[in-house]
Amino acid sequence: MDKILEALVSSSHPLTVKRAIVKKVMEAAEKEVTEEQCQALYHLTTRLILLGEDAFQRQVGLQVQEAYARYHRDEFARFFSKEYVLGLLQQGYGSLDRRDPAILDFLHGSLRLLISCPAVLEMAPLLQTEVLRIICERPEPATCAKLATILTDFPQCVPREKAGVLFCQQLVRTFAYFNCPATEERELREYVTQVTRVSVLLQGIWKAEPATLLPSLQEVFAIISSTDPSFEPSIALASLVQHIPLQMITVLIKSLTTDQNVKDASMTQALCRMIDWLSWPLANHVDTWVIALLKGLAAVQKFTILIDVTLLKIEQVFNRLWYPIVRQGALVVLSHMLLSFQHSPEAFHLIVPLISELPKPNEEKIKFVLNQSAWTSQSNSFASGLLKITGKSETGKTGLVNLGNTFKLSNILHVQIPLHISQRHVMSLHLNGSNTLMKKLQLLFAFLAHTQRAAYSPRSFLEVSRPPWFTAGSQQDCSEYLRFLLDRLHEEEKTLSALQVTSSKPEPATTSAETLQAATSQPVADMPSHPAPVAAKGDGRTLVEHMFGGRLSTTIRCLQCHSLSEKEEPFTDLSLAFCPSMSKCHGPNDEHKSSSSVGPCQGAVNGGSESSEGSVKEGAGTRMERPVVEPTLSVPDLVDYFLAPEILENENCYFCERCASLQRAKKVMQVVMAPEYLILTLLRFSYDATCHVRRKILDNVGIPLHMSLPLRQHGISASSSFSTAATSSSSDSPDSGENLAKKLKPSQKEDGMTENRRNSETNDSDSEMLSVPYVLSSVVVHSGMSSESGHYYSYGRNASSTDGYVAHPCPKTLESSSLSESSTATQEEMGSAGNKSMDWFLFNDSRVSFTNFESLQNVTSRFPKDTAYVLIYRKQEVSGQPGNSGPVVNGSRLSGEPPLQKELMDAITKDNKLFLQEQELNARARALQATSASCSFRPNGSDDNEPPGSCGPSGGGGGGGFNTISRLVF
């Protein structure tokens with residue numbers, strides 16, 4: 001029969017005749033055939049299958065062999081023996097090499113004919129050995145795909161136990177040699193199909209034998225981390241990623257990032273090659289693993305690797321966006337790389353030229369996303385306590401390192417952070433090469449906005465801004481520091497502006513230099529190379545005057561001759577004394593105050609922060625023992641008390657030049673120009689002349705979110721409100737700098753004589769006064785029992801939270817309270833806005849956290865030693881009047897943050913790189929000791945049993961706590 005079949009397939013008969021005869025041969029298989037005939041047919045059909053000249057011969061071989069094997073299975077099993085299979089796999093067949101895929105196809109077909117025969121089980125050990133040998137020879141993708149098909153259909157042929165682990169490792173290694181020579185789409189599709197088939201085999205083995213998974217993945221990493229320049233692993237390894245369980249991310253990333261044996265060069269190479277995998281069209285979860293590794297490296301502070309990889313690969317990842325099939329994964333990785341690369345703009349500059357105009361998202365959203373994506377914000381859940389770092393808080397704000405006197409500096413600067421108009425103007429100034437205080441402030445603002453550090457050390461700014469009488473290690477007054485800082489900035493800007501004007505005249509250069517050096521105490525070489533800061537509105541005012549400057553008019557009328565003395569003074573803050581008694585302080589309608597226990601009223605507006613003993617209603621010791629009650633005194637009450645008319649009599653009589661003697665007089669102070677930012681200092685520290693001790697007034701003062709300031713209309717003089725004689729010179733007013741004026745009640749005989757006059761004056765005043773609305777921006781809180789020790793911390797409102805509210809005009813009279821009374825509904829709405837969880841920040845040196853307005857309002861009720869000290873209110877827009885939504889420079893209104901100047905950007909980039917290097921070195925040093933060191937880690941969380949600015953169980957440690965000397969806060 002074999003001779004007939006052999007002659008038939010090689011004859012020249014028509015194809016239909018050949019097929020008819022072949023059909024007869026196949027039907028003969030159902031009859032009894034000798035073993036010799038079967039063996040001869042099996043040899044012939046094998047030759048036709050493997051060496052057939054055309055497709056017809058190969059088809060005939062397959063059909064005849066299948067027919068006879070079905071009916072004569074035992075004979076076929078004896079033909080397809082282990083020796084025969086071994087010869088095929090090791091020596092090939094005829095002219096066919098042993099690696100030819102046709103041999104594996106024949107092997108697969110023959111095994112399928114014996115699928116239910118015991119011979120397959122007997123042959124399994126042999127095949128397990130042979131497939132491992134074949135894989136170790138690094139066959140081509142087509143051969144591997146054929147072998148994978150065999151092992152998928154016959155899993156009993158897959159190597160087991162140790163051999164199985166070795167087989168998986170070698171198969172992974174073989175993947176690395178899967179190069180794609182395809183030049184056409186059809187060839188590429190075939191290549192991808194072959195690779196996918198092999199990866200599915202590995203997936204099946206991993207599921208059946210979980211012990212093989214981790215060694216396989218270790219082999220993958222060993223391949224992609226190789227630094228051998230002569231070897232570049234195939235991108236086909238990406239097809240394995242989709243089969244790795246996502247639940248193993250934490251375990252694997254821990255193993256990779258904490259292994260001290262993995263060198264930086266190897267990790268960099270591995271990460272770069274994983275990013276290359278994004279180009280593999282059918283790989284799922286590659287982006288998930290890439291981002292997980294990026295975050296893991298950030299968590300253990302291996303920033304050098306992240307920087308190198310980002311700069312090497314970000315352009316390549318961006319270019320993958322052009323291909324829809326891989327766009328989604330590439331976009332996720334690109335977003336993470338850009339958002340996390342925050343220490344320098346270098347990565348952005350690589351791709352910005354490739355990006356067209358895109359819509360700009362909300363600024364707050366940008367900051368929030370950047371904070372969440374920063375390398376220093378990544379938490380390593382599997383790292384030990386020694387490896388964990390303290391990055392920026394969830395607020396994205398930067399704290400300030402405590403350097404001694406910086407408790408004042410940090411809180412003063414933190415309360416200025418919400419004043420984004422001032423900060424924005426400072427950042428827009430061109431002061432390159434200048435060593436002035438304004439330049440140091442500009443650099444500090446830039447670092448606070450863009451540094452990667454959780455807390456920045458303002459040492460250089462402190463050195464130039466510290467008042468000369470401030471000594472390190474001792475308690476100092478933050479309002480005094482703020483006043484000194486504003487004065488320095490004001491005088492410096494005036495000097496630079498004057499020098500700019502005089503420099504255009506033909507005068508010797510030494511004149512200007514000497515003038516500058518005398519006024520600013522700065523070296524001549526440090527003069528700015530660019531124009532000096534211009535006034536914010538081009539009106540000749542300095543930045544300090546524009547942002548914080550107001551004007552206060554003081555008018556004194558002699559009650560004997562009715563002559564007037566008026567003096568107008570500038571101010572940057574108002575120091576508010578406490579009323580003699582909370583029960584007697586009801587606002588300016590209580591025009592006449594008792595003279596028995598009178599507290600001082602700030603005459604020189606920028607004076608000190610102490611009041612006399614009379615201002616203290618109770619001793620500091622008994623203050624702490626009283627039950628917590630709602631505040632009966634509010635900031636508007638103190639403002640009204642500050643502006644209330646005073647009667648000067650007895651030992652405080654006024655010397656009238658017209659009368660040429662001491663006379664009873666009436667003193668009235670009025671705000672004639674409201675500042676953009678109103679700074680209010682509460683005079684909480686008093687001096688007891690009897691006991692010769694300083695004491696703190698611990699009264700709980702209510703802090704409204706919105707208040708109004710009474711303002712005398714521009715152009716109306718005080719003399720128009722009185723029927724007066726000639727006005728005295730401004731020198732007639734008493735020396736307000738000594739802060740000795742008191743609120744006194746007139747005598748009974750004067751009441752009847754002046755009643756009608758007083759009513760007419762009040763009516764005139766009503767028509768002259770306006771109400772300027774303000775919204776709370778920042779509050780500095782003092783924690784402690786005395787002025788000798790304690791701690792400062794501050795609350796600051798998000799700048800964007802104060803921009804949306806537009807106040808409606810509200811007529812203001814001297815009879816009404818300073819608290820805005822526009823409408824109940826509006827107040828409730830604004831109050832709820834102030835309580836948003838992300839509207840307020842708590843600044844406590846290096847710690848910055850979210851808080852709300854309710855926490856600020858209740859801080860003294862909860863912690864009696866913690867009292868509001870300095871408050872900053874921001875003037876609100878009034879409908880129908882020009883807005884204050886942005887700063888005005890040279891007549892143009894600015895919007896958004898100005899671009900960072902190159903000098904500032906370079907300084908920040910340099911420091912950010914230094915910070916990342918420091919963190920990385922520290923992390924590596926700690927990791928070397930982590931195995932032997934035991935860490936007692938205390939989370940830096942909040943404690944409801946301690947005040948927000950506390951340094952321990954006893955709050956700020958001021959005066960009354962244990963170990964007072966060691967608890968002085970710097």
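Predicted model: local features only at pLDDT ≥ 70, side-chain atom pairs only at ≥ 80, totals over all residues.
Local features were taken at pLDDT of at least 70 and side-chain atom pairs at pLDDT 80 or more, while totals for chains, interfaces and linings use all residues. Residues are numbered from 1 along each chain as its sequence is written, and side-chain values use heavy atoms, with hydrogens and water left out.

The secondary structure of the protein comprises 34 helices and 26 strands, assigned as DSSP runs (helices, H or I, at least four residues; strands, E, at least two) and numbered from the N terminus. Of the 970 residues, 52% are buried (under 20% relative accessible area; exposed is over 50% and partly exposed lies in between; 1.4 Å probe, protein chains only). The accessible surface amounts to about 43,700 Å², with 53% belonging to carbon and sulfur atoms; areas were computed by the Shrake-Rupley method with a 1.4 Å probe. Among contacts (heavy atoms within 4.5 Å) between residues at least 6 apart in sequence, 78% join residues at least 24 apart.

Two packed helices are described by the angle between their axes and the distance between the axes. For helix α9 (residues 141-153) and helix α11 (residues 185-208), the axes come within 8 Å and cross at roughly 40°. Axes are lines fitted to C-alpha atoms over the stretch in contact, and angles run from 0 to 180 degrees between N-to-C directions. The pair is therefore oblique, a class left after roughly parallel (under 35 degrees), roughly antiparallel (over 145) and roughly perpendicular (65 to 115). The crossing of α9 and α11 is left-handed, the near helix being turned anticlockwise from the far one by less than a right angle. On the α9 side, the contact includes Pro141, Cys144 and Leu151; the α11 residues are Tyr191, Gln194, Arg197, Val198 and Leu201. Nine residues of this contact are nonpolar, three polar and one charged (nonpolar: Ala, Val, Leu, Ile, Met, Phe, Trp, Tyr, Cys and Pro; charged: Asp, Glu, Lys and Arg; polar: the others, Gly among them).

Most residues other than glycine have a negative phi. Gln301, in the loop between α16 (286-299) and α17 (303-319), has a positive phi near 65° and is buried at 0% relative accessibility. Ala660, in the loop between β9 (654-656) and β10 (661-663), also has a positive phi, of about 60°, but is exposed, with a relative accessible area of 55%.

Arg874 belongs to strand β23 (residues 866-875) and is buried at 6% relative accessibility. The C-alpha atoms of Arg874 and Phe548 are 9.6 Å apart, across 326 residues of chain.
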